[in-house]
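Here's a quick tour of one protein model, picking out a few spots worth a look. Keep the sequence and the 3D view open as you read.

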Amino acid sequence: MPEALEIERHRAAIARNDLSRPVRLAIEWSLLNKDTTFFDYGCGYGGDVQRVGNLGYTSAGWDPYYYPNAPITPADVVNLGYVLNVIEDLEERRQSLTQAWKLTHRVLIVAAQILINAPSKTQLAYNDGIVTRRNTFQKYYEQEELKTYIDEALNVDAVPVALGVYFVFRDQAEKESYKAIRFFSRTSTPRVCIPSKRFEDYQEQLEPLMAFFTKRGRLPAKGELDNEQQLLSEFGNFRRAFAVVLQATDEAEWDAIAYRRSLDIQVYLALTHFDQRPAWHKLAPEMRHDIKAFFGSYEEACMVADQKLFSLGKQKVIQTACEKSKIGKHTRSALYVHVWALAALDPLLRIYEGCASRTIGRGDGATLIKYYTDQPQISYLFYPEFDTDPHPALKASITIDLKTLFVTHRDYQNRVNPPILHRKENFVTSNYPLYAEFAKLTQQEQQLGLLKHKSDIGTREGWEKCLAAYRVEIRDHQVYPIPES
């Protein structure tokens, strides 16, 4: 290896047409918004700085090559995006990480290239990485290796968001709130269905209370509701106020929301067992109120959660939970479930999936989760056209072995004959927005006999041959006959 070799780091900068994935994820999770400041440390061409600014957020950045004279300023959210993997000097790499952390008031975003995306090993080895054909350096991390590197350098517990993307929180309560909210079920406020003059008289004042219960599954504690004084002066306490809501709505729907939220907390607490479980006083106040309302005590809540977690050590428990699931598509060795339906699954299966997502993040953009019933594995399957294509093709898969935490990535993007999906309604729940459309298409295909050729129709080419043989085509989730020429 020639000692005079000079790495041209600046050539590793990427010109993007949109926000980078790490910054987009921070916005999607509401960590970066109009109330927070943003700084991009090692911003390259400055694309993220400009686009975050265009959203109306306070945004700035610095880069040693492209913007060397820009001021380096602290911010609520600091991005260190794909910087660590292009620095060949080990000490300088560590300094970049610690400097970015010093600038961070609330959340540091760290992103780096992960090994599954690495090129062939014919590249020139250099230090702990490779030199590319463009004379740039690349260090490819394993997912767990990157977390360990961040944790040890900063003395933190970095939270995985997606492959190669971690959030590092200054405040532990904020970190735990973020981790918990990832397991919150999707809920909607029960509709008003019973005529009630008293409810109509107070509906506007009661709506914030209804929205709060929909989100948390319980009544507010003191100081949690903006219009608290107004309600208390009118009704005396929240329970009496909510009794008026119950006069106009179905009480069973509110009970279901409370039950789902208690399960959400069990899933979250079960997964804190793998890390240093946060002390009671380190939890956010709203989480402490949740636990007290649903379980009475933190000890009781953790005990219930751990019982479920420990039962997952037996593969038979997973197999049984999959077989009993009324949600998802069953095969001989797996259960396939759309990410939309995840929160509706048995808590055991939600915790099991959490064991995977706590390591790699829930694959950004994943469509289906595949639970293996014969081995401790979970796959995330990517069908970006799931909603729009009647029979979408598989674009990629990420599989994690839950014993070794080894991650396997497969790319189907350029395959001539990729696997495709049928009976899409089986993967979702009946409240999925397109459920009726999917089910109607399946009914049409069954009536025509298209779905009886199971061994032929699992790939794009086989399906197209089947359609040609039956002289039909599918558009907009409808089957149309092809007219005689």
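A residue is called buried when its relative accessible area is under 20%, exposed when that value is over 50%, and partly exposed in between. Keep in mind that this is a predicted model. With that in hand, let's start with a helix, α8, where Phe 238, Ala 241, Phe 242, Val 244, Val 245 and Ala 248 are buried.

- Helix α8 covers residues 238-248.
- Look down the axis of α8 and you'll find its buried residues within an arc of 145°, so they line one face of the helix.
- What do the buried residues of α8 pack against? Their partners are α6 (197-216), α7 (228-235) and α9 (251-272).
- The N-terminal end of α8 has a cap, Asn 237, with a side-chain oxygen 3.1 Å from the backbone nitrogen of Arg 239.

**Helices that cross**

- Two packed helices are described by the angle between their axes and the distance between the axes.
- For α7 and α8, the axes are 8 Å apart and the packing angle is about 85°. That makes α7 roughly perpendicular to α8, because angles of 65 to 115 degrees count that way.
- On the α7 side, the residues that meet α8 are Glu 228, Leu 231, Leu 232 and Phe 235; on the α8 side they are Phe 238, Arg 240, Ala 241 and Val 244. Sorted by class, this contact has six nonpolar, no polar and two charged residues.
- Further along, α11 (residues 298-311) and α13 (residues 347-360) have axes that come within 10 Å and cross at roughly 75°. This makes α11 roughly perpendicular to α13.
- Here Lys 308, Leu 309 and Ser 311 from α11 meet Pro 347, Leu 348, Ile 351 and Cys 355 from α13. The class count for this contact is five nonpolar, one polar and one charged residues.

- Is His 477 buried or exposed? His 477 has a relative accessible area of 3%, so it's buried.
- You'll find His 477 in the loop between β16 (472-475) and β17 (478-481). Its side chain is joined to that of Glu 437 by a polar contact of 3.3 Å.
- Leaving out residues up to four places away in sequence, His 477 touches a set of residues including Asp 387, Thr 388, Lys 424, Phe 438 and Gln 444.
- Asp 48 is in helix α2 (residues 47-54), and its relative accessibility of 8% means that it counts as buried.
- A polar contact of 2.6 Å links the side chains of Asp 48 and Ser 20. Beyond neighbours within four places in sequence, Asp 48 is also in contact with residues such as Leu 19, Val 23, Phe 38 and Asn 79.
- For a sense of scale, the C-alpha atoms of Asp 48 and Ala 341 are separated by 33 Å, and these two are 293 residues apart along the chain.

**Positive phi without glycine**

- Arg 471 isn't a glycine, yet its phi is positive, at about 55°. Arg 471 sits in the loop between α15 (460-470) and β16, and at 35% relative accessibility it counts as partly exposed.
- Asp 476 is another non-glycine residue with a positive phi, near 50°. Its place is in the loop between β16 and β17, and with a relative accessible area of 65% Asp 476 is exposed.

Notes
Residues are numbered from 1 along each chain as its sequence is written. This is a predicted model: local features need pLDDT of at least 70, side-chain atom pairs count only at pLDDT 80 or more; totals for chains, interfaces and linings use all residues. Side-chain values use heavy atoms; hydrogens and water are left out. Axes are lines fitted to C-alpha atoms, for helices over the stretch in contact, and angles run from 0 to 180 degrees between N-to-C directions. Helices (H or I, at least four residues) and strands (E, at least two) are DSSP runs, numbered from the N terminus. Angles under 35 degrees count as roughly parallel, over 145 as roughly antiparallel, 65 to 115 as roughly perpendicular and the rest as oblique. Contact means heavy atoms within 4.5 Å. Ala, Val, Leu, Ile, Met, Phe, Trp, Tyr, Cys and Pro count as nonpolar, Asp, Glu, Lys and Arg as charged, and the others, Gly among them, as polar. Buried means under 20% relative accessible area, exposed over 50%, partly exposed in between (1.4 Å probe, protein chains only). The arc is that of the directions from the helix axis to the C-beta atoms. A polar contact is a pair of N or O atoms within 3.5 Å; within protein, one must be able to donate a hydrogen and the other to accept it, and residues adjacent in sequence count only if both atoms are side-chain atoms.
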